[in-house]
Amino acid sequence: MQNDINNPVSNVRDEEELDIRSIVLKYISYWRWFIVSIFFLSAVGIIYLKRQNNIYENNVIVLLKDENTATEEMLLLQDLGMSAGKNNIENEIALFRSPDLITKAVTSLELYTTYRKVTRWSFNDNELYGNAPLYIRWEDMEPKKIPAPVTFTFTPQGKGFEVSGQYEEIPFHGRIDTLPVYLKLPMGRFYVSRNNEIDPAYKQEPYTFEATISNPSVQARRLSAELKVTPSAKQSSVLTLSIQSEIKKKGRDFLQQLVNFYNEDATNDKNMVAHNTAVFIEERIKEISVELGTVEKQVEDFRQQKQITDIQAEAQLYLGQTGQNEQKRVEIETQLNLTRFVEDFIARPANANKLIPNLGVTDAGLVSVINEYNQLLLMKERLESSSSESNPALIQMKQQVSGMRQSIQSSLANVRHASEIALRDLNRQNTVTNARIQDIPAVEREYKDILRQQEVKNNLFVFLLQKREETALTQAAVAPKAKIVSEPYSSDAPVAPKRAVILLAFFLVGCVLPVGAIFVRDLFHTSIESMDDLAPLKDIDVIGDIQAITTPMETALVVQANDDSPVTELFRTLRNNLLFMLNEPNKKVVMVTSTVPGEGKTFISINLARSLSLMDKKVLLIGGDIRNPKLSHDLGIPKVNIGFSTYLAGMAHGVDEVTEVLYPNFHIMQAGPVPPNPNELLSKQTLNDLFDGLREEYDYIIIDSAPVGVVSDSFMLNRVADVTLYVMRERVTQKDAVNFVNSIKRDNRLAGVTVVLNATTPQGKYGSYKYGYKYSYRYGYSQKYGYGKSKKA
């Protein structure tokens, strides 16, 4: 059989159409499985939902102030060379989700301590945010340094509480009789007090609850992953912050506190700019005050020494021509000093990460570079506060800051050199002019030099005082960066769990699970289980099924006269269906075969022959399996030494010598002794001559032949048969046998093939049946009956 199945020439299978209707009907027959599965999984889904707490969506809408709209602040920052660009929305979103910023909010609200009511079966353990009966705090441990979570269980007992819990898998126990109290435990000291701000709805009889204290950084990382920050539109500065929580108030409080800390950090950033400028201005004012006092002392000493009271009128006459040059000299020297001040500020190592002030430098290119540097420095400091040192963007930005700082130093040097050159040019012009006014007293010239120095120092001093006041005003007038457009609000209905979706999912799983179970079970059941497995038969009729008999029988013959048992009725049905195929007078021979031993072909042959004989028809049953004779054993009669093989070998004198009468009209011809050459005996002309004579004497001839899947004897014997009754057995015959029978039918290797299913179960239940067979030319093979327990020859 295996060779025929694997033979691509003789076993080419036609493409079969998928029978949707039969598949559906097959699964519908297991409707009880589906009901149980759906009911069970729906119950599991309901229990699952009972254990889930409602989750609500909390939102707050904020408007980020555009830095270019802060007119008063930006005018001052632009004058000082510290203007910032527009907000980068992506950067601001990253700041809102910064774990450090969220940690501040968690620590401020003490969200790292959670309280839950312990309910029976752990159904709906809702969080008691702000409404727990007790308040607990780790007294001698900073929140950020908490090494591992610690869980407390407070159980009311009398007027106090029994305390139990676990810390790093180490259990602990205690008791509280009075409140407040400092609870001393192995891991530290905890402060416990009564919560007097409980909502009236939570004021009830004492109940058991849990309190868990964990590191706020762990909570912050979880909240950072859950926090959603989305702009209302592309390039919009309006952001919506969303987070889900079990308690609506907890979510709203967190969002409000997060915005507050965001504004606080933004204010600190802005104040840092003004603070650095104020420090720089104070330092310069102190230096200029000393220099201005020195110059004024020189003027006083000079007047006393030279006894000068008023030389303006006299000097005006001579200085009229040089006034314009002197004015330019003052401007250039002022710029030169300012340039030197800025260079000195940059050269100090302590100012490496400080903003560079732009104190009146008039060079447009230098002012632009300083402004860009200050803006880049602010962005670098902000990125440093929300990322690690290994951030590629931070490393690149540091390189840009260093490069721009060197570029500013080079630009300052160029501006200073240009101012020095211009100053030398003016000095040369003044020398020429002074040569023309040689009559001006040397005293006037010396006095003018002193006054010029005094004027430069005085202008610088006044300028710095003005900037100091403007800087102080800026620090006092900083407005929050994020303006709350809509106060924090929560969704009315829970957003999770989605109960309808979850129940539908469990329902669908309940529908699919039986399908998968049936499919997997069928996948591992390779034997024929019911009539449905015979559906792939091509142009081959199934003319009957014989029900299995569980009652042990002494003989295989179960069909008796005047018997109305179910098995007898089934054989009558098989007989009637077979007679339709033997509807011609010359059609009398029926060969009964199977694929492998143990499928009940001898049982079918015996009872079919007996059923035909009860119709007053003369019937001969021939033991055609001459390799393994079974008729005498199954019928419970003595085994004879002559029979079918004896006649074919020419060792019998006539048919009457090898036949015997079992019942009226029911004759049998046993197989006889096992020959050494059974295939050669069946190929002789003697076989044809024998059946020509038997057709004249008997109405029907039943041949119990050998299994065609094991030996080829039946193919040799089939040339004298009119109909081949192919026996298959539930839980024994493999499903591949259907393809084997199809190939036999297609190749016309057996005449008039029809199928009967043996040992069927009335309810069509599936089961498992392990069997084996062994075939020998000389000894025999095991066989199982369709009517009861197995018997061996």
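In the predicted model, Lys457 forms a salt bridge with Glu291, with the closest N and O atoms 2.5 Å apart; a salt bridge is taken here as a side-chain nitrogen of Lys or Arg within 4 Å of a carboxyl oxygen of Asp or Glu. This pair links distant parts of the chain, since Lys457 belongs to helix H13 (residues 442-476) and Glu291 to helix H8 (residues 248-306), 166 residues apart. Helices (H or I, at least four residues) and strands (E, at least two) are DSSP runs, numbered from the N terminus. Lys457 is buried, with a relative accessible area of 16%, whereas Glu291 is partly exposed at 29%. Buried denotes under 20% relative accessible area, exposed over 50%, and partly exposed the range in between (1.4 Å probe, protein chains only).

Because this is a predicted model, local features need pLDDT of at least 70 and side-chain atom pairs count only at pLDDT 80 or more, while totals for chains, interfaces and linings use all residues. Residues are numbered from 1 along each chain as its sequence is written, and side-chain values use heavy atoms, with hydrogens and water left out.

Further ionic pairs were identified by the same criterion, and the count comes to 25 salt bridges. Side chains of opposite charge can pair when their charged atoms come close. Arg416 forms a salt bridge with Glu343, the closest N and O atoms being 2.7 Å apart. Arg416 lies in helix H12 (residues 392-436) and Glu343 in helix H10 (residues 323-347), so this pair ties together parts that are 73 residues apart in sequence. Glu343 is buried, with a relative accessible area of 19%. Salt bridges that share partners also join Glu283, Arg284, Glu287, Asp344 and Arg348 into one network. Elsewhere, the side chains of Glu139 and Arg137 meet in a salt bridge with an N to O distance of 2.9 Å. Glu139 is partly exposed at 29% relative accessibility, and Arg137 is partly exposed at 28%.

At the level of the whole protein chain, the secondary structure comprises 23 helices and 20 strands. Buried residues make up 46% of the 793 residues. Among contacts (heavy atoms within 4.5 Å) between residues at least 6 apart in sequence, 79% join residues at least 24 apart. The chain exposes about 40,800 Å², of which carbon and sulfur atoms supply 53%; accessible areas come from the Shrake-Rupley method with a 1.4 Å probe, and for residues only the protein chains shown count as cover.

Strand S14 (residues 589-594) has six of its six residues buried, so it is largely enclosed by the rest of the structure. In a regular strand the side chains alternate between the two faces of the sheet. In S14, Val589, Met591 and Thr593 point one way and Val590, Val592 and Ser594 the other way, and all are buried. Strands are treated as paired if DSSP finds at least two bridges between them. S14 pairs in the parallel sense with strand S18 (residues 700-704) over four bridges, and the bridge partner of Val589 in S18 is Ile701. S14 also pairs in the parallel sense with S19, over five bridges, and Val592 stands opposite Leu725 in S19.

Val723 is found in strand S19 (residues 723-729) and is buried at 3% relative accessibility. Val723 and Val592 are 131 residues apart in sequence and 8.6 Å apart in space, C-alpha to C-alpha. Leaving aside neighbours within four places in sequence, Val723 is in contact with residues including Val589, Val590 and Met591, as well as Ala751, Gly752 and Thr754.

A separate open sheet consists of three strands in the order S3-S8-S7, with antiparallel pairing. Strand S3 (134-138) and strand S7 (181-185) stand at the edges, each with a single partner strand, so one side of each is left without a neighbour in the sheet. S3 pairs with strand S8 (residues 188-194) in the antiparallel sense over five bridges, and Trp138 stands opposite Phe190 in S8.

Asn742, in helix H23 (residues 736-746), is buried at 9% relative accessibility. Not counting residues up to four places away in sequence, Asn742 touches Pro536, Leu537, Lys538 and Ile540.
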